[in-house]
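Subject: Structure handover

Hi,

Here is the structure I promised. Please open it next to this note.

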Amino acid sequence: MTIHETSAVRGMADHDHLKSRRLRNRIRHEAIQFGVIAIVVALLGLLAYAIKSGLAERGIRFSFSFLANTAGFDISEGWTLASGESFLPDLTLFSPDMTVASAFVTGIFNTAKVSILAIILSTVLGTMLGVGRLSTNWVVRNLCFWIVEFVRNTPLLIQLVFWYFAVVLRFPPMASAAHFYGLIVSQQGVYVPSLSWVGGDSMLSIALATLILVSVVGAIFDPVKGMRRICVAAAVVCFALLFVTGGAELNFPVANKFKASGGTSISPEMAALLLAIVVNSASFIAETVRGAIDALPKSQWEAAASLGLSRRYTVNDIVLPQVFRVVLPSFGNQYISLTKNTALGIAVGYPDLFNIYGTIANQTGHSLEGIIIVMASYLILSWIISTLVYLANRRLNPTGVPR
Amino acid sequence: MIATSIKWTRHNLFGKPFDVVLSLLVIPGLLWLVYSITDWAFASAKWDIVVQSLRVLMIGVFPADQAWRAWTASAIIGAILGAGFGCVFCFKPHHGLVLLLVPALLLIVDGGLTNALPATGIIASTILGWALTSYAPLSRKVLPAAAFTGFIVVVAVMAPPGVGLWGGLLLSVLLTLVTSVLSLPIGILLAFGRQSRLSSLRIISAWYIEVMRSVPLILVVYWIWILMPVLAPQWGLADVARGMIGFTIFYSVYVAEYVRSGLQAVPRAQIEAARSLGMSEFDINRSIVLPQALRVVVAPLVGNVLDIFNSAPLVFIIGLTDFLRAGQMILANPQYGDRTFEVLSFLLVTYFVIGSMITYAARKLEDHMATGTR
């Protein structure tokens, strides 16, 4: 047997071949990459051109200058930022002589108001419903199951219309409204007692308020282990002192013949929207919680039982803490979809961001510019929620801790 | 018997002090609620409004003399849905009897044939389709082609009086069907795009999905509705078509997320094995990855259909008369101003029945799909 060629040369040839093939592949990859980008850019350009020419045909110019115009329409409720005498903008009630931009701010404010309230309430109600589905009591278990099932299988919009037209608008009129310890429930809205600041500029009140703020922040972030209890106690004591020294007082609503004064009012539209969204999201949250509890190893329950813990302690101290670690990301998704659902407020006339956008689009004709602002606002709201949930998740599930 | 029920009660209702308190609080309240609802439903509610305006609720402002078109279309849709159902659950005679209760009930309540006749036709064709695919498995092979033809026939039958006149529950069903069918291929493409080796495609898909997931559906539908005439004034698209485009654009993103979860569930070894056999990327994705991925996500996708159906009432924003709008239209008549409860509870119960059926189908499908892998 003779060796006709050295293997080294052959290997070199192979190597070169491979190299050139790799190069070819890479060039092809880059070319496709470039092609995709070119197509997308071309499509976007075409879209922009088509919109621009379409708008030009109707005599509308694409610009954001309408934001500085006077709004000229009223919004039934909501606060906005207006530039006052001081450096920081003031928080004032919206009035028709303000700019279109501040109308948008009012919309964002109203959306955020409903969303924050709904997030808090639906988390509480949803957890209760989810735990209720695992109750040892047959009636409670089945009641929770059917509530969740009914709400999940019917459209939120019809629920909202039902809450508004069949429940909230059927509340008694103000003259015969129901009173519960300062809470007034009537057709004209729900009135709750509010805290009001009467301390003025007195040093003592401001110092106490600052202390409360600091201790609440301390209680939430708990910088030193064991400080939470002290912070909570300090907050309660300062709060009591604030009342005693007359820095703050509870403002109870008083019902007149057609209106109530004092306190904080929740308009019927907002009450219906809040009810619908809270009940709806709570059902979805309940389903998540139940799923997470079911997914928990059965040995956890058995271990707790063998230690002689009662069911209440098992649920509160063993099950729920573990469940909350697992479900937080799904809660975040639910919070985002809840915030998006507030856009349905237009069906009952609640002035949320989308509703106000509709009014602005009708009044000014700048519907496309408005869409961009509204989309960006919703995107930012979603990002804020997902960032907060991410931070909370990181705090609850420190990396490296085995589960 | 009594001893068992006492034992059951003691165990399930009064087992622990806390349960006793709960039972004492909840049971009387619940009994009162059930009593007042039953009392209202059977004694004081005037259901005649629902029966009288059933046609408006079902097909909206579709002209009455053309109603046969809508009923024919409903019968075809019923047959397609029934046939699809039959591929998974075998038809049993008692199912048919339960379904036939609907026209029977209508006959008794209405006392005439105006509503009962179309209802009988729709239910009968549903049962036929269901029985056909259950008893003749061969017919499942032609189902996709038959369903496609059926859709075209539905559109052809419904179109002549004017697309703008579509409405009622039929509109919600059509919207749901069109959206779920159209969003599937777009969603699959987006899911592959998000996993692509090309970073540009990946980033674009990811951005599209992220943006669509964080804006409300109502905004997307409204946006497409105002944008379409600006973009393509010469097409003159009807409101219904614009609504369907908006729904498809929005829901394809959710389909993409479900499909992506399915794609991730396919073991990597499968792809490597296919690659070692020398299959091309396209073939791998088409014949190895996608079938296995879709199998996993069939149940969530059916859940997505329920989501689409539940958000169909949102088309009120672009002025379409869907099921909810039709109900509100009836209530707008001052003569019927005090029947809010009757109409709204009818809407809710109808939605609940259909929604529960879809949920049930999704659960069954999940079990059905899981049997092969266990």
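How many residues of chain B are in contact with chain A? 43 residues of chain B touch 39 residues of chain A, where contact means C-beta atoms, placed from the backbone, within 7 Å. Helix 16 (340–373) of chain B supplies the largest share of chain B's side, 10 residues. Helix 2 (17–44) and helix 14 (281–311) of chain B are among those that each give at least two. Helices here are DSSP runs of H or I with at least four residues, strands are E runs of at least two, and both are numbered from the N terminus.

Some ground rules. This is a predicted model, where local features need pLDDT of at least 70, side-chain atom pairs count only at pLDDT 80 or more, and totals for chains, interfaces and linings use all residues. Residues are numbered from 1 along each chain as its sequence is written, while chains are lettered from A and ligands numbered from 1 in the order in which they are written.

Chain A overall. It has 11 helices and 10 strands. Its radius of gyration is 29 Å, well over the 22 Å that the globule rule gives for 403 residues, so chain A is more spread out than a compact globule. That radius is taken over C-alpha atoms, and the rule is 2.2 Å times the number of residues to the power 0.38. The C-alpha atoms of chain A fill a box of roughly 110 × 75 × 50 Å along the principal axes. Buried residues make up 31% of chain A; buried means 20 or more other C-beta atoms within 10 Å of the residue's own, with C-beta atoms placed from the backbone.

The core. The largest nonpolar core has 156 residues. Such a core is a set of buried Ala, Val, Leu, Ile, Met, Phe, Trp, Tyr and Cys residues joined through C-beta atoms within 7 Å. L160(A), L273(A), L170(B), I218(B) and V221(B) have the most contacts inside it. Helix 7 (residues 268–295) of chain A gives the most to this core, 16 residues. V221(B) touches, among others, G243(B), F247(B) and L314(B), leaving aside residues up to four places away in sequence.

Helix packing. Helix 5 (residues 203–221) and helix 6 (residues 227–244) of chain A pack at about 155°, axes 8 Å apart. Axes are lines fitted to C-alpha atoms over the stretch in contact, and angles run from 0 to 180 degrees between N-to-C directions. The pair is therefore roughly antiparallel, the word for angles over 145 degrees.

Best wishes

Notes: A residue is buried if 20 or more other C-beta atoms lie within 10 Å of its own, exposed if 12 or fewer, and partly exposed in between; C-beta atoms are placed from the backbone. Two residues are in contact if their C-beta atoms, placed from the backbone, lie within 7 Å. Angles under 35 degrees count as roughly parallel, over 145 as roughly antiparallel, 65 to 115 as roughly perpendicular and the rest as oblique.
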